[in-house]
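Subject: Handing over the structure, with notes on what was found

Dear colleague,

I am passing on the structure below, together with some notes that you can read alongside it. Please keep it open while you read, so that you can find each residue as it comes up.

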Amino acid sequence: MVRDGERRAIITSFSLHSIEVILFSANKIDILEEFLSALLKFEGLTVFSTNLIDEIEVTKISRAAGLDFDDSLQYYVAKLLGLELVSFDKDFEDKGIKVLEPKNIVLNYGVR
C-alpha cells in the first residue's frame, strides 16, 4: 500500500542508515542496492532527516524520558510529525505516543 501510494509512511534516515550498516557489514551489498532501489519506487514513503536542532531535542528527550538515542529519535520524530510509531519496542509504553506492533498494521490496514 505504501509502495502504491495508498498509505503514507515515514522512515527516519537514522533507521535507513542502520539497515544499510547491517547489510553492508554482512557483505550483502547487492541486497542493499536492491533494497534501496526498491524503496525508490515506494510512492507513499518519505525519508525524514533530522538537523542539529532536532538532534539537540533528542538528547533532551533521552534525559527526560530515560530512552536511549535511537528510541529518543524515533519518539521525537513521531511527536514532531504527529505520527503513530510502529515498533516491537516496549520502551515507549506510557510515553504519550501511540505505538503499533507490525502485526497491528496487518490487522488494522490489511496487507495485499
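Let me begin with glutamate 20, which is buried (under 20% relative accessible area, where exposed means over 50% and partly exposed lies in between, with a 1.4 Å probe and protein chains only) and yet has no salt bridge. A salt bridge here is a side-chain nitrogen of Lys or Arg within 4 Å of a carboxyl oxygen of Asp or Glu, and the nearest side chain of opposite charge to glutamate 20, that of lysine 41, is 16 Å away. For charge, Lys and Arg count as positive and Asp and Glu as negative, while His and the chain ends are not counted. Glutamate 20 belongs to helix 1, and its side chain makes a polar contact with the side chain of histidine 17, at 2.8 Å. A polar contact is a pair of N or O atoms within 3.5 Å; within protein, one must be able to donate a hydrogen and the other to accept it, and residues adjacent in sequence count only if both atoms are side-chain atoms.

Before going further, please note that this is a predicted model, in which local features need pLDDT of at least 70 and side-chain atom pairs count only at pLDDT 80 or more, whereas totals for chains, interfaces and linings use all residues. Residues are numbered from 1 along each chain as its sequence is written, and side-chain values use heavy atoms, with hydrogens and water left out. Helices (H or I, at least four residues) and strands (E, at least two) are DSSP runs, numbered from the N terminus.

How many salt bridges does a search of the whole structure find? The search gives 3. In one of them aspartate 4 is joined to arginine 3, with the closest N and O atoms 3.2 Å apart; aspartate 4 is partly exposed because its relative accessible area is 35%, and arginine 3 also counts as partly exposed, at 46%. Another brings together the side chains of glutamate 57 and lysine 60, at 3.4 Å from N to O, and both of these residues lie in helix 3 (residues 52–65), 3 residues apart, which is about one turn of the helix. Glutamate 57, at 30%, is partly exposed, as is lysine 60, at 41%. There is also a salt bridge between the side chains of glutamate 84 and lysine 98, at 3.5 Å from N to O. This pair links distant parts of the chain, 14 residues apart, with glutamate 84 in the loop between helix 4 and strand 3 (85–86) and lysine 98 in the loop between strand 3 and strand 4 (99–100).

Turning to the aromatic rings, those of Phe, Tyr and Trp (its six-membered ring) pair if their centres lie within 6.5 Å, and planes under 30 degrees apart count as stacked, over 60 as edge-to-face and the rest as tilted. By this rule there is 1 aromatic pair. The ring centres of phenylalanine 14 and phenylalanine 69 are 5.5 Å apart and their planes stand at 70 degrees, so the pair is edge-to-face. Phenylalanine 14 lies in helix 1 (residues 13–25) and phenylalanine 69 in helix 4 (residues 69–81), 55 residues apart, and the pair therefore links distant parts of the chain.

Threonine 12 and valine 47 are 35 residues apart in sequence, while their C-alpha atoms are 5.6 Å apart in space. Isoleucine 10 is also found in strand 1 (residues 9–12), and it is partly exposed, with a relative accessible area of 37%.

Lastly, asparagine 27, in the loop between helix 1 and helix 2 (29–40), has a positive phi of about 55 degrees although it is not a glycine. Asparagine 27 counts as exposed because its relative accessibility is 61%.
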